[in-house]
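Me: Can you walk me through this one? I'm new to reading structures.

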Amino acid sequence: MEGQCKVLLVDDEADFADTLVKRLGKRGMDAAARYSGGTALDYLEDHSVDVVVLDVKMPGMDGIDCLRKIKERYPLVEVVLLTGHASLDVAINGMELGAFDYLMKPADMDDLRYKIEDALNRKRLAERRIAREKEKLQTLGQEGKA
């Protein structure tokens, strides 16, 4: 894996989020926590993040609204939704809005880690594809000048 995966956990249950940060850190991930959608968006303005693990049910800005804003502002950031409320509609809505996938709370640590790694792989593939396209355009531009 090229470089450490940067993960942002967003959950209004601070103890839960902090525990996940520690557990992901022990598994070699660079993880941080924020406890609301608004503070998560503020964090993303100043920090590079690969994957956001986002609770669906939060007071104020819920996970779906936060997902919408993340995808508008940072389309390459992958989002894994966490829901403690078995709502297939919410999960489907989240997937339609660009979430990578979802897990039910409490999520098994290995399942969460694998989901984050899969999301990271998808992000890195997209980044490589974009880099190749830019390279092609630059090459075409240089040929046009010759």
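Predicted model: local features only at pLDDT ≥ 70, side-chain atom pairs only at ≥ 80, totals over all residues.

Me: What is the mean pLDDT of the chain?
Reply: The mean pLDDT is 91. Of the residues, 93% reach 70 or more.

Me: Which elements have the lowest and the highest mean pLDDT?
Reply: Helix α4, residues 88-96, has the lowest, at 82. Strand β2, residues 30-34, has the highest, at 98.

Me: OK, layout. How many helices and strands are there?
Reply: The chain has five helices and five strands. From the N terminus on, the order is β-α-β-α-β-α-β-α-β-α.

Me: And what box do the C-alpha atoms fill?
Reply: Roughly 60 × 30 × 25 Å, taken along the principal axes.

Me: How much of the chain is buried?
Reply: Buried residues make up 40% of the 146 residues.

Me: Which residues touch the most other members in the largest nonpolar core?
Reply: V7, L9, L24 and I116 do. That core has 21 residues.

Me: Which element gives the most to this core?
Reply: α5 does, with five residues. Other elements that give two or more include β1, α1 and β4.

Me: What other core lies apart from it?
Reply: One of 20 residues. L8, A40, L81 and A99 are among them.

Me: Back to L9. What does L9 touch, leaving out residues up to four places away in sequence?
Reply: Its contacts include A17, L20, V21 and L24. L9 also touches A31, A32, A33, R34 and V53.

Me: New topic: β5. Where do its side chains point?
Reply: They alternate. D101 and L103 point to one face and are buried.

Me: Do β4 and β5 run parallel or antiparallel?
Reply: Parallel, with four bridges joining β4 to β5. In one of the pairings, T83 has M104 of β5 as its bridge partner.

Me: Which ring does K105 lie over?
Reply: The ring of F16. K105 lies over its face, at 4.6 Å from the ring centre.

Me: Last one. How many aromatic pairs are there?
Reply: Zero, in a search of the whole structure.

Definitions and conventions. Residues numbered from 1 in each chain as written. Heavy atoms only, no water. pLDDT = per-residue confidence, 0-100. Phe/Tyr/Trp six-rings, centres within 6.5 Å; stacked < 30°, edge-to-face > 60°. Lys NZ or Arg CZ within 6 Å of the ring centre and 35° of its normal. Core = buried A, V, L, I, M, F, W, Y, C linked by side-chain atoms within 4.5 Å. Buried < 20%, exposed > 50% of the residue type's maximum accessible area, 1.4 Å probe, protein only. Contact = heavy atoms within 4.5 Å. Pairing = 2+ DSSP bridges.
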